Amino acid sequence: MAAEPFRFVPADGTMTPVEAGMKPFAEVAVNTGQPARRGFTYAVPPGMDPAPGQAVFVPFGPRVLQGIVLARTAESPVAEVRPIQSIADPEAVLDGPHIAVGRWMSEVYLAPLWDCLAVSLPQGYGQKAVTMVSPVEVPPLLPIYPQDQRILQYIAEHGRVSLESLREAIGTVTLPRLERLQKDGHLTVVQGLARPAGRPRFERRVALAQPAEAARAHVEALRARSARSVAARILALLADRGDIALAEARDAGAAPGHLDGLERDGWIRRYEAQVERGPLAGMTFEARPPLVLTTEQQAAADAIWSERGTWLLHGVTGSGKTEVYLDLVRRTLAEGKAAVVLVPEIALTPQAIRRYGERFGSTLAVFHSGLGTGELYDQWHAVQRGAARLVLGSRSALFAPAADLGLVVIDEEHEWTYKQENPQPRYHARDAARELCRLTGATLVLGSATPDIVTYHHSELGSIRRFELKGRVSPGEGGETSEGTLPRVTVVDMREQLKHGNRSVFSVPLTRALRLALQRKEQSILFVNRRGSARFMLCRACGHVPVCPSCELALSLDMSDAIDPRLRCHHCGRSRRLEERCPACDSPRYRPFGVGTQRIEVEAKLAFPGARVARWDSDVASRKGSHAEMVRALEAHEIDILVGTQMLAKGLDLPAMTVVGVVDADVGLALPDYTAQERTFQLLSQVSGRAGRREREGFVYIQTYQPEAAPIVAAANHDYRAFYEDEIAHRRRAGYPPFARLARLLHRDTNRERGLEEAGRIAAELRMLRDAAGRAEPDVLGPMAAFIPRIRGEYRFQVLLRGRHPARLLENVRLGDRWSVDIDPASLL
């Protein structure tokens with residue numbers, strides 16, 4: 001006998017059999033606040049038809065939570081299911097590709113499913129569950145417990161408060177305690193959802209309801225009765241403008257009575273209109289025709305357009321990659337499709353907005369973390385309704401709801417800022433873009449003068465296509481282009497400077513070049529390579545830096561014990577006592593190394609008292625709008641010498657910038673990270689590329705105690721291929737990506753011994769699981785103290801997994817909330 005179809009109990013309690021062909025169940029991703037990597041099954045009540053991507057409210061334990069429908073199903077994997085309570089939004093907020101990308105990220109990066117979907121939702125859309133505690137009007141006698149009395153006293157003074165606020169004010173407050181107080185009649189506890197932070201903004205406005213000529217005639221009649229008539233003033237303003245904000249009418253003297261009278265007589269109407277918030281509000285773009293592409297640029301654009309897929313556009317700095325992007329965007333929009341262009345830093349956005357705005361201003365939307373919640377909310381909806389079909393921004397812009405996606409461009413694809421670190425999901429925009437383009441059939445273009453080693457390796461294997469732009473281009477004012485030249489690079493051996501008595505942070509050649517640039521009214525950059533809080537040992541006599549014999553990475557200086565300072569490897573944990581003299585040449589000039597931007601700014605002002613010196617680093621750039629203001633000041637030539645860090649190396653295109661000085665090239669070389677050599681080469685090459693981008697010749701000075709280091713030699717010779725060959729050989733020997741994948745587990749604890757014990761327990765459990773499965777890999781390295789061993793009072797210990805599929809070992813391991821997992825980390829620092 002055939003089994004009866006599965007039944008569920010709707011909200012009204014009646015039993016309804018499942019009809020053939022129906023899909024009475026829904027898989028829902030629920031905003032639980034817990035690390036769930038799967039959806040939950042709910043019954044769809046009669047009369048409700050939620051579509052995939054639609055937001056719903058669902059019961060979850062004693063609470064009602066927000067969810068997103070992932071799929072409709074004909075069967076349920078569990079015997080008892082609860083019904084969806086209601087539909088939260090009449091329109092779907094996610095389409096099929098973005099749901100699929102969210103699932104993919106959850107699986108690859110071992111991240112909560114809701115968090116992976118939330119990156120594609122409007123800013124501020126998520127509603128967290130909250131517990132609200134309220135006083136009762138006539139409470140019974142106070143309870144005897146002091147903590148109970150503190151709770152009741154607080155809510156009596158503050159009224160209805162959230163449980164989170166109550167805990168912040170008086171300390172630990174448990175739900176069982178509140179439930180007991182509620183049962184005794186002292187207070188009420190209600191579970192609910194927080195109000196979404198992202199909402200549309202409306203403005204009250206006043207519009208003219210009659211023809212302008214008739215209104216002007218009435219104005220004269222009103223003034224004939226009273227020369228100071230406020231109603232006449234408001235009506236005259238509307239006769240000229242047609243429509244104004246209510247606030248503007250009030251500024252002109254209008255009181256409610258004036259407006260009531262004009263509306264009653266049919267002259268005006270009051271209404272509410274949605275205000276569009278965004279970085280482009282009030283901006284106007286001067287339309288510019290596209291530049292004439294060079295033969296090489298045209299060939300690149302034609303090749304990418306004719307063979308869709310994933311492309312690496314490898315071009316030297318100043319080779320005109322952006323013009324190729326612009327041409328591909330033009331073709332994509334002409335086909336009726338959408339395009340997404342990613343830039344690695346907010347600092348690049350002002351220049352990028354102008355360049356893309358001049359070509360495609362009417363259909364441009366901008367996304368980056370410097371925008372407010374309201375601005376991002378409105379930009380998201382502009383893209384969703386099709387008002388904007390070109391999306392420009394940092395990594396989060398990838399997930400904008402662009403329908404019929406045809407092109408994704410990732411400029412400076414090698415940049416580590418495309419990797420999300422915190423919070424989850426810890427995705428890489430480059431890999432997520434490949435998956436999104438696979439799902440949508442869009443073309444992906446990865447552009448860089450110094451491609452990521454893994455990306456370039458894939459192009460060598462043929463899994464992605466590659467096009468080389470080998471010549472520099474100098475654009476003219478009239479749209480024409482001419483052949484440009486790469487800057488001349490001088491490597492300055494700081495050991496020789498010391499031998500000749502120069503103990504300044506600026507070498508003699510760099511000082512001379514800066515003075516000459518000031519005389520010629522040109523601009524200069526002083527680049528300080530301060531990625532991380534680098535502290536390592538370097539011999540000023542011979543340039544020796546101590547390295548770990550096992551990991552081939554620089555040893556860090558550990559001064560946690562001032563009596564016994566040590567050199568320590570933050571990967572395998574190996575350490576040794578710090579020598580007093582250089583172990584290579586026995587020189588006493590064996591000291592910690594590293595300087596900061598503030599010191600270089602002060603030194604520059606002292607050395608060049610007439611120069612206008614500015615500093616651009618994360619401290620200065622933290623204010624909203626600071627990036628755009630700095631770019632404006634540079635373009636207006638209000639700055640002669642700019643001191644800064646990594647953000648200077650990315651995409652700045654300034655005609656008068658002719659001199660670049662790299663103050664401390666050695667800092668990046670000695671960081672205990674397998675990407676240290678690659679990052680150093682990329683930074684040196686990219687910052688060098690800021691010099692001489694127009695008709696003026698550029699000059700670069702790299703100050704170093706290791707002039708023979710491979711990244712420095714290759715950067716000085718503008719030779720990416722030579723660096724790649726050297727680096728890929730090192731990665732193959734040491735077993736680093738692309739020849740293995742990494743997973744980094746980081747544990748935090750306020751107690752050092754307890755934290756180390758927990759990290760050791762997990763490392764031992766992982767080795768046991770690996771061995772029990774009969775696997776030779778992944779390698780389990782650690783535990784060891786993290787490169788930054790303590791942050792905000794918490795000790796940090798890390799365990800590294802290295803192998804072909806390290807994430808698989810973690811799939812069934814339960815880690816507490818003090819652990820974080822980063823798959824394919826961009827850095828091990």
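Student: What should I know before reading the values?
Tutor: The model is predicted, so local features need pLDDT of at least 70 and side-chain atom pairs count only at pLDDT 80 or more, while totals for chains, interfaces and linings use all residues. Residues are numbered from 1 along each chain as its sequence is written, and side-chain values use heavy atoms, with hydrogens and water left out.

Student: Which residues touch the most other members in the largest nonpolar core?

Tutor: They are Phe-367, Val-408, Leu-745, Leu-766 and Leu-810, out of 105 residues in that core; a nonpolar core is a set of buried Ala, Val, Leu, Ile, Met, Phe, Trp, Tyr and Cys residues joined through side-chain atoms within 4.5 Å.

Student: OK, salt bridges now: how many are there?
Tutor: The count comes to 50, where a salt bridge is a side-chain nitrogen of Lys or Arg within 4 Å of a carboxyl oxygen of Asp or Glu.

Student: Where do Asp-148 and Arg-180 sit?
Tutor: Asp-148 is in helix H3 (residues 146-158) and Arg-180 is in helix H5 (residues 175-183), 32 residues apart, and their side chains meet in a salt bridge at 3.1 Å, N to O. Helices here are DSSP runs (H or I, at least four residues), numbered from the N terminus.

Student: Is Asp-148 buried or exposed?
Tutor: Asp-148 is buried, with a relative accessible area of 0%, whereas Arg-180 is partly exposed at 32%; buried means under 20% relative accessible area, exposed over 50%, and partly exposed in between (1.4 Å probe, protein chains only).

Technical notes
Helix = DSSP H or I, 4+ residues; strand = E, 2+ residues; numbered from the N terminus.
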